Amino acid sequence: MALVALVALPFLAGAADLSSKEIQSAQKLYHAKCAKCHKFYNPADYSETDWQRWMEKMGKKSKLKPSQSELLSRYLDTFRTPAKK
């Protein structure tokens, strides 16, 4: 079920700022670096400050390159904002 949400939800939540290639890369990165260790944590459930703190901590722990961290952050931020109408 979470896999379906990670594939479909960004399109519903306004991933227009990401190209389809970036979305695919971010999803692959998420599954390789995040989902292999823990469940999906919805960014909307955290304050911006708390979420950024977790992203920084987990980015270091999973040894993300700066470009990977930036892409993953942009992708996961699409879950934070409500769908645009």
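**Secondary structure.** I counted 4 helices and 0 strands in the protein, taking helices (H or I, at least four residues) and strands (E, at least two) as DSSP runs numbered from the N terminus. Along the sequence I read the pattern α-α-α-α.

**Ground rules.** I note that this is a predicted model, where local features need pLDDT of at least 70, side-chain atom pairs count only at pLDDT 80 or more, and totals for chains, interfaces and linings use all residues. I number residues from 1 along each chain as its sequence is written, and side-chain values use heavy atoms, with hydrogens and water left out.

**Whole protein.** I looked up burial and found that 29% of the 85 residues are buried; buried means under 20% relative accessible area, exposed over 50%, and partly exposed in between (1.4 Å probe, protein chains only). The accessible surface comes to about 5,900 Å², with 60% of that belonging to carbon and sulfur atoms; the areas come from the Shrake-Rupley method with a 1.4 Å probe, and for residues only the protein chains shown count as cover. I then turned to contacts (heavy atoms within 4.5 Å). Among those between residues at least 6 apart in sequence, 79% join residues at least 24 apart.

**Helix H4.** I checked the length of H4, residues 66-77: its 12 residues should span 16 Å at 1.5 Å a residue, and the end C-alpha atoms are 16 Å apart, which agrees. The expected span is 1.5 Å times one less than the number of residues. As buried residues of H4 I list Leu71, Leu72, Ser73, Tyr75 and Leu76.

**H2 against H4.** I find helix H2 (residues 20-33) packing on H4 at an angle of about 100°, with the axes 9 Å apart. Axes are lines fitted to C-alpha atoms, for helices over the stretch in contact, and angles run from 0 to 180 degrees between N-to-C directions. The pair is therefore roughly perpendicular, the word for 65 to 115 degrees. On the H2 side the contact includes Ile23, Ala26, Leu29 and Tyr30, and on the H4 side Leu71, Leu72, Tyr75 and Leu76 are among the residues involved.

**The H3-H4 loop.** I stopped at Ser62, in the loop between helix H3 (48-61) and H4. Ser62 is buried, at 18% relative accessible area, and its side chain reaches the backbone oxygen of Met58 at 2.8 Å. What about Lys63, buried or exposed? Lys63, found in the loop between H3 and H4, counts as exposed at 66% relative accessibility. I also noted its phi near 60°, a positive value in a residue other than glycine.

Technical notes:
Polar contact = N/O pair within 3.5 Å; in protein donor to acceptor, adjacent residues only side chain to side chain. Parallel < 35°, antiparallel > 145°, perpendicular 65-115°, else oblique.
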